[in-house]
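Colleague: Could you show me how to read a model like this one, step by step?

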Number of protein chains: 2
Amino acid sequence: MGNNVSIGLLGLGVVGSGVIKLVEEHQEKLIHQLGCDVQVKSVLVRDLEKTRGVAIDQSFLTTNPDDVLNDPEIDIVVEVMGGIDLAREYILKAFAAKKHVVTANKDLVALYGPELQEVASRNKCDFYYEASVAGGIPILRGIVDGLASDRIQQVMGIVNGTTNYILTKMNTEGLSYDTALKQAQELGFAEADPTADVEGLDAARKMAILGRLSFSTDVDLEDVEVSGITNIEIEDLEYGKQLGYTMKLIGFANFDNQQLEINVQPTLLSNNHPLSDVKNEYNAVYVYGKAVGETMFYGPGAGSLPTATAIMSDVIAAIKNMRLGVSGNQFVEYHFKKVLKTPEQRFGQYYVRLHAKDEVGVFSSISTLFNDLNISFKRILQNPNKKAETAEIVVVTHQTSLENFQKALENLNELQAVLEVNSYYKVEGDVAK
Amino acid sequence: MGNNVSIGLLGLGVVGSGVIKLVEEHQEKLIHQLGCDVQVKSVLVRDLEKTRGVAIDQSFLTTNPDDVLNDPEIDIVVEVMGGIDLAREYILKAFAAKKHVVTANKDLVALYGPELQEVASRNKCDFYYEASVAGGIPILRGIVDGLASDRIQQVMGIVNGTTNYILTKMNTEGLSYDTALKQAQELGFAEADPTADVEGLDAARKMAILGRLSFSTDVDLEDVEVSGITNIEIEDLEYGKQLGYTMKLIGFANFDNQQLEINVQPTLLSNNHPLSDVKNEYNAVYVYGKAVGETMFYGPGAGSLPTATAIMSDVIAAIKNMRLGVSGNQFVEYHFKKVLKTPEQRFGQYYVRLHAKDEVGVFSSISTLFNDLNISFKRILQNPNKKAETAEIVVVTHQTSLENFQKALENLNELQAVLEVNSYYKVEGDVAK
């Protein structure tokens, strides 16, 4: 390595353009921090003629991946092209050519992170992906370095900006899911095909990555149970408000005695919980460590420059390692084995909304049903609906095992007086008395 | 350096005990991360006989500082004794003996940080102080590493747990300052002599440290303008609530075109601002970067184990540097010169509460007074107080220079109709329409 570090970019969308902008604007600071020049040498694009949002000399652009992956002068490859198979192939080629790789590609890291990390280490290369989780928030570095001597026991995250935006609008303006989604699409906070966001898949990928680093155990993407926000009804947000809760799509991961619970689901979060105030497209990750207690990292989850900032923090870390001759020293082996918790081992509070016949003894039979499973109630609301001669009943349970709660749901559905179980959600945190 | 790294502790209070506890509990993880054993070898204490909150062999304790500072086997000195002059003397001795130093001592770092950093670098030693600001929150690392390629423009912090606890109680329970302070003292959130906390000095020290690292400029402790919370009246919290603001003791630092504004003052913060929800003894630091936009780091500002966690993250960083042979490479020179902004260059919104005669034309004369200085009103409240024939008037201004606002205050005091200007506070953020 000479006095220059050269970066090759795979892709030149909004994030790639942001990287180029930051490298240009921070030349002086980079030289001071690193003692060397940093420059973008070539950029793989699909179309040489396309108009770009960033000023870049045409001569840097190429449609041939080898111009990036096999140029011996390029030290660090920044993958911002997205997608999975081709991105993986290029990254493996980069490692084979002894290049360090920085990526923002959560889909890829969630699926192939451990494999890529392993190949990187074998080639003495760095593999960093801070930008893959919660864009501009330096959360992975916070967990790995900042809380290095702690044992992280629980991570809860609002890690998808699209769904948080939609839920915020539903909550504050009383919009239906469909209307809120449409608004989000018009404003560019949701894609034309929002499936990966609204079904919770995007959040699940980030939780898998967070879980691995937080607990030092091998979390597979398929370990993450997922349910999205598409069926959330405004009634449940309203009842939540009455009871002191805010509906959020929460990524939850808990590791306890090598037993793992990890999922993404709409959750009624106590208004006392720091995550309940995270609004609009913002992201936040709440970490509970044995020693440190609760900390939270908050910031933009996406966007060109926030994501580029995270990428550049990785590029700088990789350059520091190059200069120190310690590249590829990241941890590869997981400290702990994991087993997934069974429903018997998972505990939580739950919210249930149901419609029952509005007649004497109905509530008592529902109450007995929960009692028989040792589930006690924390809050109960009952609204008679005179026109239809039905009653809408909302209960919030105390802590119970998921197994018992699932049995309660089954039994409710069999109870003659119960017309319909409309919805149920996990509840997190306590509300003020 | 062999296969062991030995730590010497200066002081064995709650934080020192926490460090010993973490080192013991995390032996396996430390070996894995670092490839070496980490052990506490000696601990300087004042009294060998005192009962300790942590199990430690008496033979490790010493009352002779040389047993820590001149033991060639000790690689890293952790200073948790507090105080200034003696701590500085010991740390300088440690650097002279080529030992790395980790400290939680904000008073010392605020006053002598640049000097100590310089001596450390000259001796190729590391000097880390993550624990000196906001206890368990990895904020310094977040700024230095996570946002390395960004230009930080503004930092706002709730960096003193005692005052935040007191203000939270005043705000949520309507307690007076004196009652809230007394409660905080009983619960151990405030010291018997709370001066350094309630007068804002503790927060000022942390802001000086944050300002240096955020802006890469030489912030002196005396650059930080300070006012504390002792004169806050419950009326102002109540009016704040009516208007959509929460009173917080805010450390504010802004760096713009090499012009610095830095201060600690009670501030009425819009309820839309993420900092407004930080309650009780918790700390949070809100960072505004040119590229990343807004991020916030939240967590416990103090406490034995959170602070020890931050210390251990520094110890681990220092050990990594030792093993890589790159100790003492931290930045010493500041990138930017600074001049302090004059009142003419400082802008803000302001809240003023005053009592005036309840007669025709009074409000108009006050209004003219502000108009003449080009200050316009954002909100106005006026409550007649019939018994006393006076009116209480509260105004919130739009952005104005501090110079003009100070002139307005002077002119108000001279206005015959104004009986008393009761209070005025800076206002941050916008409230929903």
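Here we go through a helix pair and then a chain interface.

Modeller: This is a predicted model, in which local features need pLDDT of at least 70, side-chain atom pairs count only at pLDDT 80 or more, and totals for chains, interfaces and linings use all residues. Residues are numbered from 1 along each chain as its sequence is written, chains are lettered from A and ligands numbered from 1 in the order in which they are written, and side-chain values use heavy atoms, with hydrogens and water left out.

Colleague: At what angle do the axes of helix 7 and helix 11 of chain A cross?

Modeller: Helices are DSSP runs of H or I, at least four residues, numbered from the N terminus. Axes are lines fitted to C-alpha atoms over the stretch in contact, with angles from 0 to 180 degrees between N-to-C directions. In chain A, the axes of helix 7 (residues 161–173) and helix 11 (residues 234–243) cross at roughly 65° and come within 10 Å. The two helices of chain A are therefore roughly perpendicular, a label for 65 to 115 degrees.

Colleague: Which residues of these helices meet?

Modeller: Contact means heavy atoms within 4.5 Å. A:L167, A:M170 and A:N171 of helix 7 meet A:I234, A:L237 and A:K241 of helix 11.

Colleague: How much area do chain A and chain B bury between them?

Modeller: Interface size is often given as the accessible area lost when the parts come together. Using a 1.4 Å probe and summing over both parts, chain A and chain B bury about 3,900 Å², 60% of it on carbon and sulfur atoms. A:H32, A:S149 and A:Y298 supply 16% of the area that chain A buries against chain B, more than any other three residues.

Methods:
Angles under 35 degrees count as roughly parallel, over 145 as roughly antiparallel, 65 to 115 as roughly perpendicular and the rest as oblique. Buried area is the accessible area (1.4 Å probe) that two parts lose on being put together, summed over both.
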